[in-house]
Amino acid sequence: MDLATVTRHDVLQWVFSRWAFGAACCALAAISATAQSQPAAKPADKGAATAAAQAKDNRNAPELIDFKKRGDDYVALHRKLEATLPTLPKESTPEQIDRHQRALASLISSSRPKARPGDVFTAPAPAYVRALLKTLFANSNTRQLRASILDENPGPVKLVVNGRYPDEVPLATMPPEVLQALPALPEELEYRFVGDALILLDVHAHLVVDFFPDALPK
């Protein structure tokens, strides 16, 4: 470039090009540093992946067909009877919920007076579920999983099929891994551990539908 003919515009253009080059270099350096500072992605937990895969495969196992049918039959009865009761308000009080639960439980109990353990958890479902849970524990952090279950577990409680779940006994939390490994349930039913027994709880009626012992792996 002839210095005699250099204009102010030329000078500004040259300065801007130098500044842009420097800014680009700084940006590239920052990106590189950030990438190096990011921790490497941890591999998926083998235990969780194994449990999830097995749960997906086992939900339609032949050993569970009768259990699922009995559960569906129970829920059909539940819905038929609940439809005869006044609908709970959207903003229900604890007293209204309690009255609804007791009224529904009374109707259900009267409709299955000879209910006993094994009516829904029919053989070979209990043995199969025990095996599922044993596999889940073997492929997970057993101590942590068991501690999570036992944290609010009320311990041994006398359970009565077709009877109300005791009001003074807390409902233990069910870890997501356990629920994923067990057969899916309609929204009216839930699994809960009481001591080492696995119960089937009617949520709307606060009723023990069925249970079997020795479900919690040692």
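**Notes on the predicted model**

1. Let's start at the hairpin. β2 and β3 pair in the antiparallel sense, with five bridges between them. This is a predicted model, so read every value below as computed from it. Four residues separate the two strands of the hairpin, and His 206 in the turn has a positive phi of about 55 degrees. As for a specific pair to look at, Asp 202 has Leu 207 of β3 as its bridge partner.

2. Now the sheet as a whole. It is an open sheet of three strands in the order β1-β2-β3, with antiparallel pairing. β1 and β3 are the edge strands, each pairing on one side only. On average, neighbouring strands are turned by 30 degrees against each other, direction ignored. As a reminder, strands of a sheet pair through backbone hydrogen bonds, either parallel or antiparallel.

3. Is β3 enclosed or open to the outside? Six of its six residues are buried, so β3 is largely enclosed by the rest of the structure.

4. From the N terminus on, the order is α-α-α-α-α-α-α-β-β-β. Of the 218 residues, 34% are buried. Among contacts with a separation of 6 or more, 64% are between residues 24 or more positions apart.

5. α3 deserves a careful look. This helix covers residues 65-82, and at 1.5 Å a residue its 18 residues should span 26 Å; the end C-alpha atoms are 26 Å apart, which agrees. Its buried residues are Phe 67, Gly 71, Tyr 74, Val 75, His 78, Leu 81 and Glu 82. Seen down the helix axis, these fall within an arc of 125 degrees, so they line one face of α3. On the other side, Ile 65 and Lys 80 are exposed.

6. What does that buried face of α3 pack against? The partners are α4, α5, β1 (189-194), β2 (197-202) and β3 (207-212). α3 lies across β1, β2 and β3, and runs at about 115 degrees to β1.

7. Leaving aside neighbours within four places in sequence, Leu 133 is in contact with Val 178, Leu 182, Phe 193, Ala 215 and Pro 217.

8. The loop between α4 (94-111) and α5 (125-138) holds Asp 119. Is Asp 119 buried or exposed? Its relative accessibility is 17%, so Asp 119 counts as buried, the cut-off being under 20%. Apart from neighbours within four places in sequence, its contacts are Arg 70, Lys 114 and Asp 210.

9. That loop between α4 and α5 also contains Pro 124. The peptide bond from Ala 123 to Pro 124 is cis, with omega near 5 degrees. For context, most peptide bonds are trans, and most residues other than glycine have a negative phi.

10. Asn 162 has a positive phi, near 75 degrees, and is not a glycine. Asn 162 sits in the loop between α6 and α7, and at 12% relative accessibility it counts as buried. Asp 214, also not a glycine, has a positive phi of about 55 degrees. Asp 214 is found in the segment after β3 and is partly exposed, with a relative accessible area of 46%.

Terms used
Residues are numbered from 1 along each chain as its sequence is written. This is a predicted model: local features need pLDDT of at least 70, side-chain atom pairs count only at pLDDT 80 or more; totals for chains, interfaces and linings use all residues. Side-chain values use heavy atoms; hydrogens and water are left out. Buried means under 20% relative accessible area, exposed over 50%, partly exposed in between (1.4 Å probe, protein chains only). Contact means heavy atoms within 4.5 Å. The expected span of a helix is 1.5 Å times one less than its number of residues. The arc is that of the directions from the helix axis to the C-beta atoms. Two strands pair if DSSP finds at least two bridges between them. Axes are lines fitted to C-alpha atoms, for helices over the stretch in contact, and angles run from 0 to 180 degrees between N-to-C directions.
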